[in-house]
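Hi,

Here is the structure I promised to pass on to you. Please have a look at it first, and then read my notes below.

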Amino acid sequence: MGFAAAAQLSRGDESCLGGPELSGAAQAADYIAQSCLTDAPHGRVGLEIEAHCFDPADPHRRPGWAEIGDVLRALPALPGRSVVTVEPGGAVELSGPPLSGALAAIEAMAADQAVLRAAFAAAGLGLVQLGADPLRPTQRINPGERYAAMEQFFAASHTGSAGAAMMTATASVQLNLDAGVQQGWADRVRLAHALGPTMVAIAANSPLLSGDFSGWRSTRQRVWSRLDSARCGPVLGLDGTDPATDWARYALKAPVMLVHTPEAIPVSRYVPFADWADGRVRLGGRRAGIADLDYHLTTLFPPVRPRGWLEIRYLDSVDGTLWPALVFLLATLLDDPAAADGAAEAVAPVATAWDVAARVGLAEPRLHAAAMHCVQLVADRAPASLRDGMDRLVGLVERGRCPADDVTDEATRTGTAATVSRLARSQS
């Protein structure tokens, strides 16, 4: 199992014709359920971290595709073997390989970040780790066919502004964790979902979008919540007992976004994949094939996505002193049995409070109590190399604050542009 895609400077368009035709939705459901999780002991951790690219001398300017590409083509080998990709709005993502334990993944990613930041600094650019672009209007610079088609899909589904913001103005810290042994899947997947609101509140770091305060601590989470819940909402409720079947059901109900003919063509009407698989609708002049199903799964963006492993997608991007502590916290809460039991009990009262967490963060008393319990379960286990970051994280949680509160204070005091320029020049 690999957590990272093949090495490339940008995410290319996946050429996808239908391949072997599906006999119907039942075959599609079986295919999804059998492949979505891998039965094996857990313990490996893979990381994907995004950062917005800014010109610190002119933070309103969006560096172009060729400009970013020039930096990446001159990039030396990364010691941690991360893959570098460029998101539609020019955010730069590092995707690390799966390594044994959170600490190994953190150290490898930090080493790669140092090389990447130095390369961008040498070109007069900087990388800013915030959950949403605080300053610039949404704009796509990645010329990929997939992203142009996605823009058309979102416009047709009346979510154009949220879709544009999701693609071009959001950034995250993503954890990829082994699914674990099959008999533990239900509890593990249920906990990964239940932890979501509490972790959203702890990590919230996007109070601004496109130059305006949004009124939300995590505007990134707010943006995702405005998209179609059939594509971006949580897969499970609190009582999911068969995550593979739940994911199959979710995927088959989700509308088809793009069809390859071979170019990517947006689907402008609501067509659940099950209807295409069953032949009730023909798209691209054909019934759905296995390759179409594989591609469809890449267009679904729930906060926890099964991909053989668990792809945990709900953390805002945060700076280099905090993300290692957040990664260690969440990985420990999921991978350590004693911590997992304590966390499950602590977050149960707020396990579905996604919007509250994104809007007010730890100002909500129940979320604050859950967050305090979770950090207390893990803080003393942090190794010496993570001590400073963990102490900072614990201090924020104890005061009922999240990183967004610090960003808000600075942007109010010095202005958003000045804040962005300082962050773009920082090497942390």
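**Buried charges and their partners**

Arg-220 has a relative accessibility of 4% and therefore counts as buried (buried means under 20% relative accessible area, exposed over 50%, and partly exposed in between, with a 1.4 Å probe and protein chains only). Before I go on, a word on conventions: this is a predicted model, in which local features need pLDDT of at least 70 and side-chain atom pairs count only at pLDDT 80 or more, while totals for chains, interfaces and linings use all residues. Residues are numbered from 1 along each chain as its sequence is written, and side-chain values use heavy atoms, with hydrogens and water left out.

Back to Arg-220: its side chain meets that of Asp-316 in a salt bridge, 4.0 Å from N to O (a salt bridge is a side-chain nitrogen of Lys or Arg within 4 Å of a carboxyl oxygen of Asp or Glu). The pair links distant parts of the chain, with Asp-316 in strand S12 (residues 309-316) and Arg-220 in helix H8 (residues 219-225), 96 residues apart. Helices (H or I, at least four residues) and strands (E, at least two) are DSSP runs, numbered from the N terminus. Asp-316 is buried too, at a relative accessible area of 1%.

How many salt bridges does the structure hold? There are 25. As background, side chains of opposite charge can pair when their charged atoms come close.

Another one to look at is Asp-133 with Arg-62, at 3.8 Å from N to O. Asp-133 sits in the loop between strand S5 (126-128) and helix H4 (145-156), and Arg-62 in the loop between strand S1 (44-54) and helix H2 (65-73), so this pair ties together parts that are 71 residues apart in sequence. Asp-133 is buried, with a relative accessible area of 0%, and Arg-62 is buried at 12%.

Arg-249 and Asp-246 make a local pair: their closest N and O atoms are 3.1 Å apart. Both residues lie in helix H10 (residues 243-253), three residues apart, which is about one turn of the helix. Here Arg-249 is partly exposed, at 42%, whereas Asp-246 is buried, at 16%.

S1 is mostly covered, with ten of its eleven residues buried. Two strands pair if DSSP finds at least two bridges between them, and S1 has several such partners, among them these:

- S6 (residues 172-178), antiparallel over five bridges, where Glu-48 has Gln-174 as its bridge partner.
- S3 (residues 92-95), antiparallel over four bridges, where Glu-48 stands opposite Ser-95.
- S5, antiparallel over three bridges, where Cys-53 stands opposite Leu-127.
- S4 (residues 99-100), antiparallel with two bridges, where Val-45 is partnered by Leu-99.

**Cysteines**

Cys-53 is buried, at 3% relative accessibility. How many disulfides does the structure have? The count comes to zero, taking a disulfide as a pair of cysteine sulfur atoms within 2.5 Å. Cys-232, for instance, is in no disulfide, and the nearest cysteine sulfur, that of Cys-36, is 18 Å away. Cys-232 is buried as well, with a relative accessible area of 10%.
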